[in-house]
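Please look through the sequence and the model shown here before reading on.

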Amino acid sequence: MQSVPLTATAYAVGMHAAQAQAARPTAGRHLCWAYADLDEFVGRARGFLAEGRAAGAAVRLVGDDLPDIDGVAPEPVSDVYGVVDPAATVAYWADALSSALAAGHTGLRVVGEVTPLVRSAAQVAAFAAYEHRIDRLMARNPLSGLCGYDRRVVDPGALSDLACLHEVHNLPDVSFRLHAVVGSGDLAISGELDVTGTAALARVLDQVSPAVIDGELVVDAGSLDFVDHRSLLQLASYARGRGATAVLRTPMPAAARLVELLRVPGLRVEAR
Amino acid sequence: MTRTGAAAGHVGYFHEAVCYASDEELLAVVLPFLVGGVDSKEPTVVALGPEKADLVRRALPGSCLSGVSFLTGGSMYARPAAAIRAYRELLAGHVADGAGQIRIVGEIPRPSLGATWNWWARYEAAINHAYDEFPLWSLCAYDTRITPSTVLSDVLRTHPRSLHADGRHEPSPTYAAPTSFLSAWPPVAVDPLEEGPPLITLVDPTAAGARHAVRLVDPGLPGDETEELVIAVSEVVTNALRHGLPPVRVRYWAGADRIVVSVTDGGAGPSDPYAGLLPSRDSSTGGLGLWITHQSCNYVAFSRDEAGFTLRLTAGNPY
């Protein structure tokens, strides 16, 4: 199975899937599971697929060293992803989702053991961009993914950066997530942002290149529990580099107070 | 534009203490100061508590009243780092508008002459530097009837000169340059909570772990006080881990009206004498975090002993 040629733009395909979503308004979930024991990951994958099947979703399993899981045969990574082209790969999954819905399924669930795709720095950058794009598709459509990374193989720094692009991950030292939401700006930052995440925040912002609309880079921070001055300065600096103002939407009074204290150009807090 | 009055010919900040023992003594000093400012068309500012402000307002000639701005003394003097920032912005605004001199009479509110005097003494020392780029003449009023003698001694050490009811301007014989005063690290009074065992002690925690413990000991302080302390603890622990020496020990106490957190590391503490009072432009030293800490707590005290450097933070009512 080759990646489908990109005949429509990713956005058009996304809209197509979004129309399907209107009938079944179930957003997908995007999970990252880093493992050091393949059997443990297979156990996770089995549960994830079973849950999807029970809900009427089509299921796919992608990975080079995986066994059959409950009758689902693994597809080789190269068949599905080829050389990762973020837009084309997202279009591929949007199309697969449409087919699943057309066939009467409630959605599509995919387990991907994607370690072979993140061996070099260039691959990591491309795959990070892809992870965020597919996250955006999942936030709007009944497409769910469990991304497996072998922590014995993947560079620890790269693994941290990739993990924080998932709404849910299992890396205790990665304290924030940058993920898609449905709403203006489409971008959320959740968890806690302190000195341990500042550099990672800069890297993932560069990798995902979030949308700037009317000069604003809107970040939904409703599930952000803490933010320090370093991260605020980093966000402002990134926004200024894009010629934009970052708008942090958060009910946290402490964030608004820090921004008032710092008076940083390129950053505004909206209390909600 | 030139300087007027006693500050004529002076460059920079002309910082005077006024230690008065009666309302009459205060007025004898303040009225000529304010009238002189208004007559010279200088921005002329009163930052006194409500009672003293009323006293001055009633005593001022009617023709002068419109030339004097009255600030709420209590809000200007909420926290030292905030006062420095607010005053610097006020002064910069007047200079931008062409002022040749700005006159301010201010009084630190009475509660700050007690438990939290230590950081106000640091304030009085630091502003000799922090306001020196402005053509400012200020009178800092202290009522000797209610001011402890140790505070009066710090007043003389932090003000280069004093103004007396008979009009004399006298240099202070014990004045110490701000860097020398601020580097002396006077002992800090113990909060009684510290005499009991801490509720929590963490050694080499992550900043996240140190933040979490604040919420665990919170007795339910009103408003955003706990969340502001969370910010401060995060900054101080981050600084200790990055710039201090291990072990970093964080201890938490709580009473009905306050939370006290002390962070000790094995290092010598910040080398910048103005640390916390002025925002450091050098992000590599942790100075911005310490400044945010001073803006986020009701009291910050520094101390240094053979065990290392300790920063004690208080949310709620400092004791």
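In which loop of chain B is the place of Pro247(B)? In this predicted model, Pro247(B) sits in the loop between α10 and β9 (249–254) of chain B. The bond that joins Pro246(B) and Pro247(B) is a cis peptide bond, and its omega is about -5°. Most peptide bonds are trans, and most residues other than glycine have a negative phi.

**Chain B as a whole**

- Chain B has 11 helices and 12 strands, and its radius of gyration is 21 Å, close to the 20 Å that the globule rule gives for 319 residues, so chain B is as compact as a globular protein of that length.
- Taken along the principal axes, the box that the C-alpha atoms of chain B fill is roughly 60 × 35 × 35 Å.
- Of the 319 residues in chain B, 46% are buried.
- Among the contacts in chain B with a separation of 6 or more, 73% are between residues 24 or more positions apart.

**Where chain B touches chain A**

- Chain B gives 13 residues to the contact between the chains, and chain A gives 11 residues.
- On the side of chain B that touches chain A, two or more residues come from each of the elements α9 (207–217), α10 (225–243) and α11 (287–296) of chain B, and the largest share, five residues, is that of α10(B).
- By type, the residues on this side of chain B are five nonpolar, four polar and four charged.

**Two residues with positive phi**

- Asp214(A), in the loop between α7 (198–208) and β8 (216–220) of chain A, has a phi near 50°, which is a positive value in a residue other than glycine.
- Asp214(A) has 7 other C-beta atoms within 10 Å, and a residue counts as exposed at 12 or fewer, so Asp214(A) is exposed.
- Asp204(B) likewise has a positive phi, near 50°, and is a residue other than glycine; the loop that holds Asp204(B) runs between β8 (200–203) and α9 of chain B.
- Asp204(B) has 14 other C-beta atoms within 10 Å and is therefore partly exposed, because that class lies between the 12 or fewer of an exposed residue and the 20 or more of a buried one.

**Pairs of helices in chain B**

- Two packed helices are described by the angle between their axes and the distance between the axes.
- For helix α6 (residues 117–130) and helix α7 (residues 149–158) of chain B, the axes come within 9 Å and cross at roughly 20°; angles under 35 degrees count as roughly parallel, so α6(B) is roughly parallel to α7(B).
- The crossing in which α6(B) passes α7(B) is right-handed, and the contact is made by Trp117(B), Ala121(B), Glu124(B) and Ala125(B) of α6(B) together with Val151(B), Asp154(B), Val155(B) and Thr158(B) of α7(B).
- The residues in this contact of α6(B) with α7(B) are five nonpolar, one polar and two charged.
- For helix α1 (residues 23–39) and helix α2 (residues 50–59) of chain B, the axes come within 11 Å and cross at roughly 60°, which makes α1(B) oblique to α2(B).
- α1(B) also passes α2(B) in a right-handed crossing, where Asp23(B), Leu27(B), Val30(B) and Leu31(B) of α1(B) make the contact with Leu55(B), Val56(B) and Ala59(B) of α2(B).
- The contact of α1(B) with α2(B) holds six nonpolar residues, no polar residue and one charged residue.

**A mostly covered helix in chain A**

- Helix α6 (residues 156–163) of chain A is mostly covered, as six of its eight residues are buried, namely Ala158(A), Leu159(A), Ser160(A), Asp161(A), Leu162(A) and Ala163(A).
- The elements that cover the buried residues of α6(A) include β1 (30–35), α5 (121–140), β4 (143–150), β5 (168–169) and α7 of chain A.

**An exposed glycine in chain B**

- Gly62(B), which lies in helix α3 (residues 62–65) of chain B, counts as exposed, with 6 C-beta neighbours inside 10 Å.
- Gly62(B) and Ala99(B) are 37 residues apart along the chain, and their C-alpha atoms are separated by 23 Å.

Technical notes:
Residues numbered from 1 in each chain as written. Chains lettered and ligands numbered in written order. Predicted model: local features only at pLDDT ≥ 70, side-chain atom pairs only at ≥ 80, totals over all residues. Helix = DSSP H or I, 4+ residues; strand = E, 2+ residues; numbered from the N terminus. Rg over C-alpha atoms; globule rule 2.2 N^0.38 Å. Contact = placed C-beta atoms within 7 Å. Nonpolar A, V, L, I, M, F, W, Y, C, P; charged D, E, K, R; others polar. Axes fitted to C-alpha atoms, helices over the stretch in contact; angles between N-to-C directions. Parallel < 35°, antiparallel > 145°, perpendicular 65-115°, else oblique. Left-handed = near helix turned anticlockwise from the far one by under 90°.
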